[in-house]
Amino acid sequence: MPGDPTLSLFPRDPKYEGLAQYNRALFGLDKSPWEQFVIYLQRTVTLDWGTSYRLGEPVINVLAGDLAWTLLLVGTSTIFTILIGMLVGSYAAWRRGKPFDITSTGIGIFLYGMPIFWLGLMLQATLGNPRFHPFSWWPVYPTNLYYDDTLGPWRWDGAHIWSTLVHLILPAMTLALGSLAGVSLVMRSSLIDTMTEDFVVTARAKGLSERQVLLRHIFPNGLPPMVSLIALDLAFIIGGAYQVEVVFGYRGIGYRTIQAIDDLDYPLLQFIIVIGGVAIVLANLVSDFILLRLDPRIKIA
Amino acid sequence: MATIDVARRRAPASLLAASLAVTARRLGEVWAEIRRSPTALVGLGILIFFVAIALFAPLLAHYPPLARVSESCNPICPGSPPSSQFPLGTSSRNADIYSEVIWGTQISLFVGILSAIVASVVGTTVGLISGFAGGWIDEVVMRFNDIVLSIPWLVLMIIVAALIGTIDVAGLILVIGLTGWSLTARVIRAQVLSVKERMFVERARMIGSSNLHLLWRHIFPNAFPLIFANTILTVAVSILSESVLAFLGLSTPDHVSWGKIISEAYENHAILNGNALWIVVPGLCIVVLVFGFYLFGYALDEILNPRLRRR
């Protein structure tokens, strides 16, 4: 990846040398690495994220558009992942050792070990293939955009929203399936851990119904580890989102990253990394606040 | 005082023999447990299957790695669907896909295992030092670890790839290994923190053992089972990472790997062109191998980790 970005902007031809030279000076690439680093730090502190080499637009404008689509994709799939994962995980813990537990844990580990890009390709070849499904409204994947672009630029109207949702189904499904197992397996083991605690035995002994034991004693104690884990999982989900975006041609941050690597577009890449870090720090912050509400023993120090 | 001196002088030889005997007995116990656990056996079976393919690749493959079936078309060929001569068809490079998958096993296993070892060595060292030293060293190391954990791993790998420069197999192993150690470091640190407080460590400290001796003779052997189980699980993650990097185009030019085969198939619209096996087979190989490492790793973890065994 290290290299001269101007080489990917202009043909390697002596007659472009002047232009390349001019651009190197413009980007500050003719300075020493340390000088470049100091300039980068100065700009970061003043929240100036620079200009994309390839697109000539401020990085923040380029990525603001991409970020919205990635958030839509990651948000939708994460909601489904958490809901379904927790349901499956708690039911498996409840029926520990029974067929449901064994099947769901087995499928879980299997999905956990599946490369997300491959899962996406497989779903594309089956569910996304017009030969295998009867719906005429279902788009042919990969769709190359987040909605049917014959509708014109995006507006808030029925046709656009519908088209966006339909285009979102398979990418979101891939991402959700790929990260589902992480949530359900941890939910299961966290609940099983709690079930062996003494207070659960006490609760049963004093004659509470199984339902009450589960809802009032096991859940409140089994949930906190889940919350911090989901926040840590975000790094994994972002990695998955990159793959899904590439496979489905969904033009969000991940798709942009791969292009930026090809173009050696350093300002774009730097800001993408900042966004990723900020997202994870924010997720951890939110999870800490949720934990504060869930667990009365935790206090702000 | 004299007795302690004698004991210390005689320690090394007898201690080595004793710890070897303990290890051997422990291995026997572990093997007995593995034989009783169906998950461990299935996992082990899968691993042996793929290791055998990797070892006997020269016998199984029909063509040498990177070889083209013929020079009839150059450089881009239409590719052909599966036939009796080419069980999985030929690729757009005019290579026999079946042979590519066989050779890919070697690279996937090699890169997966070696980068897991790199990750484990780094993670274990960091975890041991941070857990044993405590205080400000622990604080600094763990905050650094938090930073590494909070960068999305794919982006992190790309940065490390950029720092290392051109990608060859060694570079690939370093990229995956150096980005995968932070969880290991956490697990090992937690284990060290608990071992450190045990009686025998206290006693060894009393008779004047050095820190290095304590770490090497008492803490490391007690953390080792966990390190081992953790390494097996890291192999699974490393194999996945390698395939993702290869799919995104960050792979070595002079080797075939499963991820690279899928990437090539994807770029050539293998499914639309009627050769779905080109994508399905290498993908299934990744899934099954990773599944095998997970099964074996979790089963080992359950056997070796006393806290899990209680349940």
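Of the 301 residues of chain A, 36% are classed as buried, a residue being buried if 20 or more other C-beta atoms lie within 10 Å of its own, exposed if 12 or fewer, and partly exposed in between, with C-beta atoms placed from the backbone. In chain B, buried residues make up 42% of 311 residues. This is a predicted model, in which local features need pLDDT of at least 70 and side-chain atom pairs count only at pLDDT 80 or more, while totals for chains, interfaces and linings use all residues. Residues are numbered from 1 along each chain as its sequence is written, and chains are lettered from A and ligands numbered from 1 in the order in which they are written.

**Chain architecture**

- Chain A has 11 helices and zero strands, where helices (H or I, at least four residues) and strands (E, at least two) are DSSP runs numbered from the N terminus.
- Chain B has 13 helices and zero strands.
- In chain A, 72% of the contacts between residues at least 6 apart in sequence join residues at least 24 apart; two residues are in contact if their C-beta atoms, placed from the backbone, lie within 7 Å.
- In chain B, residues 24 or more positions apart account for 72% of the contacts with a separation of 6 or more.

**Contact between chains A and B**

- Chain B contributes 30 residues to the contact and chain A contributes 27 residues.
- On the side of chain B that touches chain A, the elements giving two or more residues are α5 (135–150), α6 (153–164), α10 (211–247), α11 (258–267) and α12 (277–304) of chain B.
- The most residues on this side of chain B, eight, come from α12(B).
- By class, this side of chain B holds 25 nonpolar, four polar and one charged residues; Ala, Val, Leu, Ile, Met, Phe, Trp, Tyr, Cys and Pro count as nonpolar, Asp, Glu, Lys and Arg as charged, and the others, Gly among them, as polar.

**Domains of chain B**

- Chain B is divided into domain 1 (1–36) and domain 2 (39–304), with bounds that come from an automatic or database domain assignment.
- The contact between them takes five residues from domain 1 of chain B and seven residues from domain 2 of chain B.
- The side of domain 1 of chain B that touches domain 2 of chain B comprises three nonpolar, one polar and one charged residues.

**Nonpolar core**

- The largest nonpolar core has 137 residues, of which B:Ala236, B:Val290 and B:Tyr294 touch the most other members; such a core is a set of buried Ala, Val, Leu, Ile, Met, Phe, Trp, Tyr and Cys residues joined through C-beta atoms within 7 Å.
- The largest share of this core, 18 residues, is supplied by α12(B).
- Leaving aside residues up to four places away in sequence, B:Ala236 touches A:Gly113, B:Val290, B:Phe293, B:Tyr294 and B:Gly297.

**Local features of chain A**

- Helix α8 (residues 198–205) of chain A lies largely in the open, because the number buried among its eight residues is zero.
- Just after α8(A), A:Gly207 adopts a positive phi of about 90°.
- A:Phe236 belongs to helix α9 (residues 210–248) of chain A.
- With 16 other C-beta atoms within 10 Å, A:Phe236 is partly exposed.
- Not counting residues up to four places away in sequence, A:Phe236 touches A:Ser179 and A:Gly182.
- A:Phe236 and A:Asp262 are 26 residues apart in sequence and 23 Å apart in space, C-alpha to C-alpha.
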